[in-house]
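Please read it alongside the sequence and the coordinates.

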Amino acid sequence: MSIQILWVDDEIDLLRPHIIFLEEKGYALTTANSGNDAIDIIRTQTFDLVFLDENMPGLTGLQTLAVIKEIKPTLPVVMVTKSEEENIMDLAIGSKIADYLIKPVSPKQVLLSIKKNVHSKQLVTEKTTTDYRAEFGVIGQLIASANTFDSWVEIYKKLVTWSIQIAESSDPSIGQVLEMQWSEANNEYGKFIKRNYTTWFDKKEDEKPLLSPSLLRSKVFPKIDAGKKVLLLLIDNLRYDQWKSIEPILTPYWRVEKEELFCSILPTATQYARNAIFSGLMPLEIQKLYPNMWIFDEEESGKNLYEEELLKKQIQRYGKQYKLYYEKTNTIKAGQKIMDNLKNILTNDLTVLVYNFIDIISHARTDVEFMRDLASDEAAYLSLTKSWFLHSDLLALLKAAAEQDVTLIITTDHGTTKVSNAVKVVGDRATSTNLRYKLGKNLNYEAKQVFEIRKPEEIHLPKPNVSSSFIFALGNDFFAYPNNYNHYAKYYKNTFQHGGVSLEEMIVPFIELKPNEQR
């Protein structure tokens, strides 16, 4: 079916050459000489686009536009006018026009406006597909040759960029190709981690990736020492692609000064990675230095009850005298309490806010059926994150914080990945329950399917028993017990989990922002 276009102009006869040009291009044109005629036609017919003259006798273009928007709010309207007056442009744009053309217009200008407003999704899809296919081989070569953490960071950035672009594409086949390349990348990244992860703990800081325990000491404390007030926002489970989805929402208020990616320690779970960030220590050292603050997996107590105390201990160990404010929240009520006292709170040298909402979305998607439908795939999950942030009390808080002289740092403890393949593992009752890693003393598994650590102390992890060991799931795998295996394999398939080895879980964002002076 051809594209239906309505052209409204009191001198429509003079536009006959334009109309013939468009009809030869395959478009179906209907014309009207006045705003009233246009309104009558729009009430009875369906159009894909309207070209509307602004300067007409009777109803003006702007008056006609207002009625059109009442009848068909989503119908794109292109305003055509002889006037270059700024107030006319402002009024038209404020009325949510799709485009603005100034007479005399050429047929090619009109065609370009049609393509932009009617065919843009199709054209973007075609361009995205062409560009990704051209880079597919390049990314494949990078994956095959990657042998450093920095090289994997660059691959991850490329894959995230393409994921965001292809999510807006209407070509399902290119999404399937990208998914295959993600799988290939994670398979090779798993091999890289198997070869290198244990060696990082014997190396100097500048010879290995930036890991969770070094994050505050390397990236945050120097800012405070330089006289900056720092607002550190840690959003649990925030992946790099989720950061990129919310970044445009923040740009009217904050400008990005620096965007970096660092490596979450294993297990990529809150108990380990977040405690490592706030303590400045690996979990084994936390357990040795502060045994009352370390809770093993099989213990019933909460695993992150001592974050503020661990942070204070780290500040003291480095001889700092920072004034500190710490708050953890996942509710609007708690966020409002911060908001009401924000100006005073931000006078502290370091203000730390921990938000758990994305983690809650992840777990709810696993446990609640309608949430699975709401976030059915990666693109939907990303969209859900963006929608939450756009309407959250957190965004309101960050808008208010932009009025203060403060450096904003947004980061996370670990990411999350969508799992699809169940791997059998056998363990006793004391074995940890996480789907992406297991800690136990009698684990039975297929060694080639996992990243195994028989001596947890080698990667600075504590163990509850002398014979305890860790295994980590790779790529899109998750662990399931043989008992009722088929049920759990089906139940957890295509859920978002964390704790194991993948690009999405381990390579996570650290963003430094300053208030936007042009806000």
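Two strands count as paired if DSSP finds at least two bridges between them. Helices (H or I, at least four residues) and strands (E, at least two) are DSSP runs, numbered from the N terminus. The model is predicted: local features need pLDDT of at least 70, side-chain atom pairs count only at pLDDT 80 or more, and totals for chains, interfaces and linings use all residues. Residues are numbered from 1 along each chain as its sequence is written, and side-chain values use heavy atoms, with hydrogens and water left out.

1. Strand S1 (residues 4-8) and S2 run parallel and are joined by 5 bridges. Within this pairing, valine 8 is opposite alanine 32 of S2.

2. The order S2-S1-S3-S4-S5 describes an open sheet of 5 strands with parallel pairing. Strand S2 (28-32) and strand S5 (99-102) are at the edges with a single partner strand each, so one side of each has no neighbour in the sheet. From one strand to the next, the twist averages 20°. Helix H1 (residues 16-24) lies across S1 and S2 and runs at about 155° to S2; axes are lines fitted to C-alpha atoms, for helices over the stretch in contact (heavy atoms within 4.5 Å), and angles run from 0 to 180 degrees between N-to-C directions.

3. How is strand S9 (residues 350-355) placed relative to the rest of the structure? It is largely enclosed, because 6 of its 6 residues are buried (under 20% relative accessible area, with a 1.4 Å probe and protein chains only). Leu350, Val352 and Val354 point one way from S9, while Thr351, Leu353 and Tyr355 point the other way. In a regular strand, side chains alternate between the two faces of the sheet.

4. S9 pairs in the parallel sense with strand S6 (residues 230-235) through 6 bridges, and with strand S8 (residues 324-329) over 6 bridges. Tyrosine 355 of S9 is the bridge partner of isoleucine 235 and also of threonine 329.

5. Helix H7 (residues 149-167) has 19 residues and spans 27 Å from its first C-alpha to its last, close to the 27 Å expected (1.5 Å times one less than the number of residues). Its buried residues include Trp152, Tyr156 and Trp162. Among the elements covering the buried residues of H7 are helix H6 (120-145), helix H8 (172-196) and strand S18 (507-515).

6. Arginine 436 lies in the loop between strand S12 (421-424) and strand S13 (437-440). Arginine 436 counts as buried because its relative accessibility is 0%. Its C-alpha is 8.5 Å from that of isoleucine 471, 35 residues away in sequence. The side chain of arginine 436 reaches the backbone oxygen of valine 501 at 3.3 Å.

Technical notes:
Buried < 20%, exposed > 50% of the residue type's maximum accessible area, 1.4 Å probe, protein only. Polar contact = N/O pair within 3.5 Å; in protein donor to acceptor, adjacent residues only side chain to side chain.
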